[in-house]
Amino acid sequence: MSAEQAGPLAGIRVVELGQYISGPYAAKLLADLGADVVKVESPGGDPMRRWEGHGTMSPQFAAYNRGKRAVVLDLKSEAGLAELLRFADDADVLIENFRPGVAQRLGFGPAVLRERNPRLVSCAITGFGAEGPYTARPAYDTVISAVGGMYSQVVPEHILRPLGPAFSDLLSGMQAAQAVLAALHARNATGLGEHVEVSMVGSLIDFLTEAASTYLETGQVAGPDSRPRRAQAYACRGSDGRAFVIHMSVPEKFWTGLLDVLEHPELAEDPRFASREARVANYDALDVELKAITARMPRQYWLDRLAAHDIPHGPLNTVAELFDDPQIAAMQLVEEITGPDGAPLRVPVPSTRFSRSGRPALRAAPGLGEHDGELLGEASDAQERTLA
């Protein structure tokens, strides 16, 4: 597969009015599939451009805006709104993640867009949806991940602080991209676009399918260790301080194989661990036993033995270790492109592969207003063709 192929979304034009993560990430996913994404920014630019004192190209902005073209429009002015509507007239998709009502107030709500371009798929990403007491609140990931139950699944109570990536931003971005693709597919049959609404909090609840469904059906409340306990998943550390994980799931062969790896057959006779149900009930006790045993030898010793006995396992990689892992290296998930300053830049590549359509060549995130002349000229040409 050639990286120079156009990608399955070649010919699809996406207009993105996104800031921070959810909207830009959704559009970035579509750009990775070959869509021509036009990022529309206010004169000040996406606030994420200036994170941590990096001028107008922070690493965070670069991560979520790769492969796009950028134009600056003042949407509060008549001229800026007129240019945006011209872009929308010639687009297949428009994505925005303003608070509810902002797009309508500025003059490009779904009804206006649909009247001008019936084939347009418009997508609004909000924090709490369009209705309810929280709708107008500012929606940042920490707030949504707390309200939406995500932190209760990943943060132990005794820690009580936000942890991990921007769950709600990323999951709503993924869900928005999926919804846009579904709407484009429906358009192939009907010839008409539609308006898609995605909420950050709803995306979390969709993601927490097992925890949510189990509670609604049985009343059982899942916590951070509920899934590892049921899955019989453990994290251990070798004598060299390096961590790894073991996942035994349901098959009994993985438990008996692990006993061979550990060379501690007496654990099989311990009534606390004699059955899978007992091991689930006594998860914490088994966790202590495994950590004590594995701490006696280096990590690689255990990884080699676990592999030889076909036990599900893996090193607990940091991001710094991830790309040196031989499996990740073999998958060729890193590529060198030309960065915004012209210097070489290593970036992660899309991991999904298409046998026929391939993917487009990767391009760095655009500078603020980098494609103003190019894009405004295209919009003018398109309008002239329409009037001709």
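A salt bridge is a side-chain nitrogen of Lys or Arg within 4 Å of a carboxyl oxygen of Asp or Glu. In this predicted model, local features need pLDDT of at least 70 and side-chain atom pairs count only at pLDDT 80 or more, while totals for chains, interfaces and linings use all residues. Residues are numbered from 1 along each chain as its sequence is written, and side-chain values use heavy atoms, with hydrogens and water left out.

**Salt bridges**

The count of salt bridges comes to 25.

| Pair | N to O distance |
|---|---|
| Lys-39 and Glu-16 | 2.6 Å |
| Asp-270 and Arg-272 | 2.8 Å |
| Asp-287 and Lys-291 | 2.8 Å |

Lys-39 lies in strand E2 and Glu-16 in strand E1 (residues 13-17), so this pair ties together parts that are 23 residues apart in sequence. Helices (H or I, at least four residues) and strands (E, at least two) are DSSP runs, numbered from the N terminus. Both Lys-39 and Glu-16 are buried; buried means under 20% relative accessible area, exposed over 50%, and partly exposed in between (1.4 Å probe, protein chains only).

**Nonpolar cores**

A nonpolar core is a set of buried Ala, Val, Leu, Ile, Met, Phe, Trp, Tyr and Cys residues joined through side-chain atoms within 4.5 Å. The largest one has 33 residues, and Val-14, Leu-30, Val-93, Ile-95, Cys-123 and Ile-125 have the most contacts inside it. Several elements each supply at least two residues of this core, including helix H1 (22-32), strand E4 (93-96) and helix H8 (167-190). Helix H8 gives the most, with 7 residues. Apart from this core lies another, of 22 residues, among them Leu-75, Leu-84, Phe-87 and Ala-379.

**Cysteines**

A disulfide is a covalent bond between the sulfur atoms of two cysteines. With a disulfide counted as a pair of cysteine sulfur atoms within 2.5 Å, the structure holds 0 disulfides. Cys-123 is buried at 1% relative accessibility, and Cys-236 is buried at 3%.
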